[in-house]
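Below are my entries, in the order in which I looked things up.

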Amino acid sequence: MSLESRRSFIKKAGATGLTFWLGLSYVKGESTAVISTAKSLTPFIKIDAAGITIFNPNPEMGQGSYQAVASMIAEELEVSLDQITIKNTSGEKEFGAGQWAGGSSTVREGYLTYRKIGASAKEMLVKAASQTWGVSPESCTAKEGKVLHAATNRTLKYEELAEAASLLEIPKEPKLKDPKDFKMLGKSVKRPDIPLKVTGKAEFGIDADVPGMLYSSVERCPVIGGTLKTFDATAAMKVPGVVKVVSAERVIGKYSSTGVAVIAKTYWAAIQGRKALKIDWDTKGFETFNSSDYEHKLRSLSKEEGILDKQKGSVDLPVAQVVESFYETPMVAHHPLEPMNCTVHVNGKKVEIWTSTQVPVSVTGPGMMGSMPALVGINPEDITLHAGFIGGGFGRRLYFDYIVEAINVAKQVDSPVKVVWSREDTTTQGPFRPMTFSKMIGGLSEKNQVVSFQHKVISPGFMDSAMPNWDKTKMDSMMTEGISAQEYDIPNMKNSFVFADYHVPMAAWRSVTSSTLAFAHECFIDELAHKAEKDPLDFRIDLQSTNTDTKRVLKKLREITNWDKPLPAGKARGVAQWDFFAGLSAQAVEVSLAKNGAVSVDKVYVVIDLGTVVNPDNVKAQVEGAVLMALSAAIHPAITLKNGVVEQKNFDTTPVTRMSESPEVIVEIITEGAKIKGVGEPGLPPFAPALGNAIFALTKKRLRKLPLEIEFV
Amino acid sequence: MKTIELSINQQVHRIEVDPEMPLLWAIRDIVGLKGTKFGCGQGLCGACTVQLDGQAIRSCQTPVGSITAKQKITTIEGASTRLEKIIQAAWIEHQVPQCGYCQSGQIMSATALLKSNPKPSESDIENYMSGNICRCGTYSRIKSAIQTAAKNAAKNTSKSTKS
């Protein structure tokens, strides 16, 4: 926004009252294949007669952005959290391209930017006060939402200074506080969204209540890849309460499929109507597909050379000992507890949407993850979004297929309509975390030094799933995420990718491909350590030639686990670490053998490397949650397809971690590093390999396939 | 369709519904109380937990026609007893919720647990609460919050008996 347009914007906003908007240019963040961000000039602070409002552009899905963003701004603005109102944004143009949540990016990319927004506003308010009083800005201080002039004992509230401040230039380089003066940042501040969440007051997307609203349940082709041929709604229309039955297209990445939507006065009636539908599906040959056959295909594809990810030295040099292993991981579902849902009112050209989404920016126009309006032929200007609190994202709500489908339903009815997916719909229709298979080869010298290392990934591709015209012979670097980034100093390395064609929609799942590749990579490092007859933790530390962040983290893990002290008989532990775009953590998992012969996961130590911490208690909560999510995927049945259909339907057949199986999780936060790293995801990848390595230490059985068969060890 | 009287949070609602409709949808969509959540529709996750005469029930598995006007339903919006307030305060103290979607059900279950078992052991808590899924993984905090609430509830009771 230019200064001129900013002024006119202020004027416009000011017409509705004494309002001060502050805009600040966002620095373009780091981009990776998954995550690219460009945050533009956006007004995050509003001060008017009603008080101070801070806008949070990073949707709150449990990760704590609601408090974190507000704290980063409020700390520098010199207001406390109970003096402000926090509002989540809904993809409005003025809040820019940064309106999304994913990639553990809120603090890692926004830390300085959000602080600068607060600091700039504070400087402007101080300057406005000093001009009012005819004193120097240096003689004034800001505190608790007021500017003070101590020498003359005068104060003015921010609300009283807002108009004058809004006419001043925005400082380009505002002075940031010395961290030793922080009142909130780095402290375990209570989250302001929590009182709303213990009283049932927090409004999630599914809670939208629009006058005159109808409800819809959609029958989709049970065979993934299939679509609608014909349907007969005669019986469905006879169900009391059913208003209309329509077909509706759902689009996810390159895939499109049409289902049949029953629209009714109540959701219950819509479900009954859906059961009465007669549908003829076009299953396009996918009705014979079995994921077990696809696994065979991945194994045979492992013989192919593949596309090079990274190469160093030569892996063809002779070595004293060659170690070879093959690792397999399955598809898993995200299982957010709030099922997919979206409420839409199409009123002529205008479209109003109520939903839970990780990408408000893409729902109202082109942005991160593409442009939703383009898929439904609607002008971005005609869309109004109401983004609610998110009842679990985990990557699933980075995709807007359920919004596209709901709009296609709502286009065919005058009233607003709420489309609610059942749990079974949410589980069986995808998208899923891709399965990755890994062929590992290591070479040891006569002195048991690791001299060569190879990791070949065989898997479907994210880019192929996302793009209709993706060149399948090209590298998809999301599928080799992290495998060439580990800080092991091994002289000869070759990592590669073999693409396996697929027809099932794929999605980023909390910690993306690292959640499966770390399992293969870090279990294999463990195999090499045992072959070299070295302690697995010291082996990893010794492979760090310089003072890497990884070395710091592993040494801290060594310290907090009291590594040199042997565990009591019947207990064992395994270790793993993972460094990827979102951040870095290392874990030690302690296991024992339960009476029934199953492995019991007793205790998990996590060291997370952050550079800086906004809310330590929230970091602990995120890591605790990440470990339990990783445990779910490591030991519970995965997603499989038989005759083209997903075999698991609900939490009985694809269980998630429950309280009774939750281990104790001990979290240690390191902030000494120079680089600011993410919180939400790094707690996941090291868990599965650390557990696999612990099971090996306990039983001498090397499990190379997820989910780990801990009942049959 | 049938006229059914429901006593929810000490207020009587007369609604016209299919008696087979699960109580969950009557509470959310007909009465309009959105704090009770839909999670699985099969009684597997506990997000829809409400209290029926003080017992925790899964409202997604309870046909609305099976409930009589005399039975008292409590949802999260009506959580106002001393015990319920102590539990909510403990939830805040331990900063339990992350996304928060399951927490109405968790609090309803915890209330029913502490009513029937004011001093639950750790395994009592695990057994009772394992029907409630939290996908964000807040279990250790739920456990701590229940222990704190149990302590605080006992403290208040002994104080009030002394005075």
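**Confidence.** I began with chain A of this predicted model: its mean pLDDT is 93, and 94% of its residues reach 70 or more. I noted that pLDDT is the predictor's confidence in each residue, on a scale from 0 to 100. Residues 1–19 of chain A have pLDDT below 50, and beyond near neighbours in sequence this stretch has 19 contacts in the model. Residues 22–42 of chain A are also below 50, with 63 contacts beyond near neighbours in sequence. Two residues are in contact if their C-beta atoms, placed from the backbone, lie within 7 Å. Where pLDDT is low, the predicted coordinates should not be read in detail.

**Ground rules.** I number residues from 1 along each chain as its sequence is written, and chains are lettered from A and ligands numbered from 1 in the order in which they are written. Since this is a predicted model, local features need pLDDT of at least 70 and side-chain atom pairs count only at pLDDT 80 or more, while totals for chains, interfaces and linings use all residues.

**Domains of chain A.** I found chain A divided into domain 1 (3–197), domain 2 (206–286 + 337–428) and domain 3 (529–713); such bounds come from an automatic or database domain assignment. The contact takes 15 residues from domain 1 of chain A and 18 residues from domain 2 of chain A. On the side of domain 1 that touches domain 2, I have five nonpolar residues, nine polar and one charged. For those classes, Ala, Val, Leu, Ile, Met, Phe, Trp, Tyr, Cys and Pro count as nonpolar, Asp, Glu, Lys and Arg as charged, and the others, Gly among them, as polar.

**Helix H3 of chain A.** Does the length of this helix agree or disagree with what its residues should span? The 29 residues of H3 (105–133) should span 42 Å at 1.5 Å a residue, and the end C-alpha atoms are 42 Å apart, which agrees. The expected span is 1.5 Å times one less than the number of residues. I also noted how helices (H or I, at least four residues) and strands (E, at least two) are set: they are DSSP runs, numbered from the N terminus. H3(A) has a kink of about 65°, centred on Tyr111(A). That bend is the angle between axes fitted to the seven residues ending there and the seven starting there. Just after H3(A), Gly134(A) takes a positive phi of about 65°.

**Helix H11 of chain A.** I checked how covered H11 (401–410) is: ten of its ten residues are buried. Among them are Asp401(A), Glu405(A) and Asn408(A). Buried means 20 or more other C-beta atoms within 10 Å of the residue's own, exposed means 12 or fewer, and partly exposed is in between, with C-beta atoms placed from the backbone.

Glu78(A) has phi near 65°, a positive value in a residue other than glycine. Glu78(A) sits in the loop between helix H2 (65–77) and strand E4 (84–88) of chain A, and it counts as buried because it has 23 C-beta neighbours inside 10 Å. Lys700(A), not a glycine either, has a positive phi of about 65°. I found Lys700(A) in the segment after H18 of chain A; it has 10 other C-beta atoms within 10 Å, so it is exposed.

**Cis peptide bonds.** One joins Gly430(A) and Pro431(A), with omega about 0°. Pro431(A) lies in the loop between helix H12 (423–428) and strand E19 (437–444) of chain A. Another joins Leu706(A) and Pro707(A), with omega about -5°, and Pro707(A) is in the segment after helix H18 (687–699) of chain A.

**Phe286(A).** This residue lies in the loop between strand E12 (278–282) and helix H8 (291–301) of chain A. Phe286(A) is partly exposed because 18 other C-beta atoms lie within 10 Å. Leaving aside neighbours within four places in sequence, its contacts include Val223(A), His503(A) and Gly644(A).

**Where the chains meet.** The contact takes 43 residues from chain B and 46 residues from chain A. H5(B) gives the largest share of the side of chain B that touches chain A, four residues. The residues on that side of chain B divide into 21 nonpolar, 15 polar and seven charged.
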